[in-house]
Amino acid sequence: QERLRYTLLLLLLHSTDSFYVPGVAPINFHRNDPVEIKAVKLTSSRTQLPYEYYSLPFCQPTKITYKAENLGEVLRGDRIVNTPFQVSMNVEKKCEVLCNFPNKPVTLTVEQSKLIAERIREDYYVHLIADNLPVATRLEFYSNREEEEKKKEKDVQFEHGYRLGFMDGNKFYLHNHLSFILYYHREDVEENQEHTYRVVRFEVIPQSIKLEDLKADEKSMCTLPEATGSAPQEIDPSKENQLLFTYSVHWEESDIKWASRWDTYLTMSDVQIHWFSIINSVVVVFFLSGILSMIIIRTLRKDIANYNKEDDIEDTMEESGWKLVHGDVFRPPQYPMILSSLLGSGIQLFCMILIVIFVAMLGMLSPSSRGALMTTACFLFMFMGVFGGFFAGRLYRTLKGHRWKKGAFCTATLYPGVVFGICFVLNCFIWGKHSSGAVPFPTMVALLCMWFGISLPLVYLGYYFGFRKQPYDNPVRTNQIPRQIPEQRWYMNKFVGILMAGILPFGAMFIELFFIFSAIWENQFYYLFGFLFLVFIILVVSCSQISIVMVYFQLCAEDYRWWWRTFLVSGGSAFYVLIYAVFYFVNKLDIVEFIPSLLYFGYTALMVLSFWLLTGTIGFYAAYMFVRKIYAAVKID
C-alpha cells in the first residue's frame, strides 16, 4: 500500500515537471506535416477594443472555420479562425504569394484602405498562433552598458503579436510580408523510426514591401528585393490601393524543451521587482501587525483586569471606555438585510478568489490554456453561492431579521445585478463599435441562465440552512433603551477612517496591482500566481488587523454603531485602488477616445466595487469576532 502511494506520488511529481499544464498533450510532427497557423484577434492598448482577424481585408482561405470556444475566450474577445498560410514542418519557403491568384495583386477599395489606415493609426497588433503558441516579435536593443560591450551585448525582448503597420509622417504603411521563424525541438526516437519534431517557438518579422519590388511569377512564388533598395507599401486612404500579401517560412532547431516553451513569453517583465516588493510588504505588514497585536493585547489585558477588579473603589470611579457600551454594542444596525446581503456576496467573492488563485498557483490555469481563468472564475462564483447564502442567512438571523426569502433574493441579486447592469451597458457601446470584445447575445443568455439557474437556487439553499441554524451568540444582553452617543472627535469621522484604514492593505499589494493592470490593459500575460497568493494572504491579515484597531478605537469613544462602519472602513483600500487606477490611466495608457475611456472606467468601477466587498467582508468578520471575544472576557453585573 505504502509503496504504491509512493510510486503514484513520484509519477505525479514527474508528470507535473515534464508538462506545462496538466491535460495539454504535446503534438508531435513528422517532416512535411502541416503546421496550422490560426488567427486569434487584433488588439490595441490604445482603444481597448479587440477585433476579429477578418474584420480587415486579409487573404481568406476557401472555407473559414472558427474554433469552438470556452466562456473565457468569448469574454476576452478571442475569435480563433483558420488562415490561408501553408506551413509544413521543417520545410523552408523563400517567398510565397498568399492569395490564390498567382501574380494578380489584391485591390483594396477606398473603404477598406480607410479602415486599414485607421487601424494602423490606432496602433493595432495582429495575434496569430501556431500549435497553440502565440506569435511574438523580437525587439533587440542595446542596453546602456559600456561602449566596448555594446557590440556584443544585445537585450532581447519579445512583443506579443506583430504590428499591423506603421506611420511615417502622415503616411500609412502596411506590413504585407511576414517572415515566420519557427523553432522546433527534435525528439529522441528509436533508431529506425522517423524523427518527430515539436514546435517550441513562433516568431515573425513583419515587413512592408511595395508591390513593384515584390516580383511574383505564375507559380505564386515571389522574390524579395535587396534589403537596402526596397520601398515600403503605402496605403493611401483616399484611393484604391494595390498590393500583394506574401510570406516566407524559416525553420530553426532549438534546445528548448516542449515543457518550457512558454518561458520566453512569460519572462517579459521583471521577477526581481516582485521578490523585492513581496519581501518589502511582508516585512512591513508583519512588523506593523506585531506592534498592533502587542498594543491591543496589552491594552485589553489592562482594561479587562481593571473592569474585573471587584473592589469598592470601582463604584466610586467613573467607568469609561468600551465597557460602558456593553448594553448597546450588539444592537442590530439599520438595514440589516442589505448588510447581510453585501457580506454574503463578499464571502462568495472571497471563496472564489482564494480557490482561483490557489489552483492557478498549482499551474492549472496557465496562459497556454486560453480563457481557462475567466471560465473557472465564473463557474466558481456561481457555485460559491452556497457559502455566501449560508453566512448571509446566519448573520441576518442574528440581526433579528425574519423575512428570509426576501433576504435570500437580495443576496443572490444585489451584487451580481450591479455587475451585470454595468457590463450590459458597456457591452452595448462595444457592440456599437462592432468589436469582437462584445459578448454575443447567446453567451449573455447563457450567463443569465447560469445566474438564475445555478447561483440563485444555491444561494437560497445556503440561506435556508444559515437562517435555520443557531444565530451567533452574543455574550452580553442588549438594553431596551439605546444610550446616548457622546460628541465624536474629528478623526473619528467615517471618511478619515476610510483614508487611514486603506493605506496599509493597499501598500501591501501596490506593486502586484501594477502587474495585474498591465495584464488587463496592455495585453500582457499574468502568470505570477504564487506571488499573488502571498499578497492575498498579506491582504487578509492586514485588513483584519486594521479593522480590529479601528473598531477598538470606536468603542473606546463610546460609539457603538460599528456594524456598517466597520464594513465601510475596512474597504478603505478600494478607495486607494480607485485613485491608483486614475493615475495609471493618466500616466501609463495613451487612451484618448471616449468609448475606450468609458470601458476603462466602467471595468475599474467593477474592480473597485468587488475589492471593496472583499476587503470589507474580511474586516467585518475580524471585527465581529474581536468584539465578541472582548465582551465575553469582562464580568458584567
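Modeller: Let's start just after α14, where E558 takes a positive phi of about 60°. Helices (H or I, at least four residues) and strands (E, at least two) are DSSP runs, numbered from the N terminus. Keep in mind that this is a predicted model: local features need pLDDT of at least 70, side-chain atom pairs count only at pLDDT 80 or more, and totals for chains, interfaces and linings use all residues. Residues are numbered from 1 along each chain as its sequence is written, and side-chain values use heavy atoms, with hydrogens and water left out.

Colleague: Got it. How far apart are the end C-alpha atoms of α14?
Modeller: They are 40 Å apart, which agrees with the 40 Å that the 28 residues of α14 (residues 529-556) should span at 1.5 Å a residue. The expected span is 1.5 Å times one less than the number of residues.

Colleague: And how many residues of α14 are buried?
Modeller: 20 of the 28, so α14 is largely enclosed by the rest of the structure. Buried means under 20% relative accessible area, exposed over 50%, and partly exposed in between (1.4 Å probe, protein chains only).

Colleague: Switching to T615: where does that residue lie?
Modeller: T615 is in helix α17, residues 594-633.

Colleague: Is T615 buried or exposed?
Modeller: Buried, because its relative accessibility is 0%.

Colleague: What does the side chain of T615 reach?
Modeller: The backbone oxygen of F611, at 2.8 Å.

Colleague: Which residues is T615 in contact with, leaving aside neighbours within four places in sequence?
Modeller: Those are L539, C543, S570, G571 and S573, where contact means heavy atoms within 4.5 Å.

Colleague: Now strand β5. How many of its residues are buried?
Modeller: 6 of the 6 (residues 125-130), so β5 is largely enclosed by the rest of the structure. Y125, H127 and I129 point one way, while V126, L128 and A130 point the other way.

Colleague: Which sense does β5 pair in with β1?
Modeller: Antiparallel, over 6 bridges, with β1 covering residues 37-43. Two strands pair if DSSP finds at least two bridges between them. V126 in β5 is the bridge partner of L42.

Colleague: How many bridges join β5 to β9?
Modeller: 2 bridges, and the strands run antiparallel. There, Y125 has R163 in β9 as its bridge partner.

Colleague: Last one: what do β5 and β6 form?
Modeller: A hairpin with 2 residues between the strands, and D131 in the turn has a positive phi of about 50°. I129 stands opposite P134 in β6.

Conventions
A polar contact is a pair of N or O atoms within 3.5 Å; within protein, one must be able to donate a hydrogen and the other to accept it, and residues adjacent in sequence count only if both atoms are side-chain atoms.
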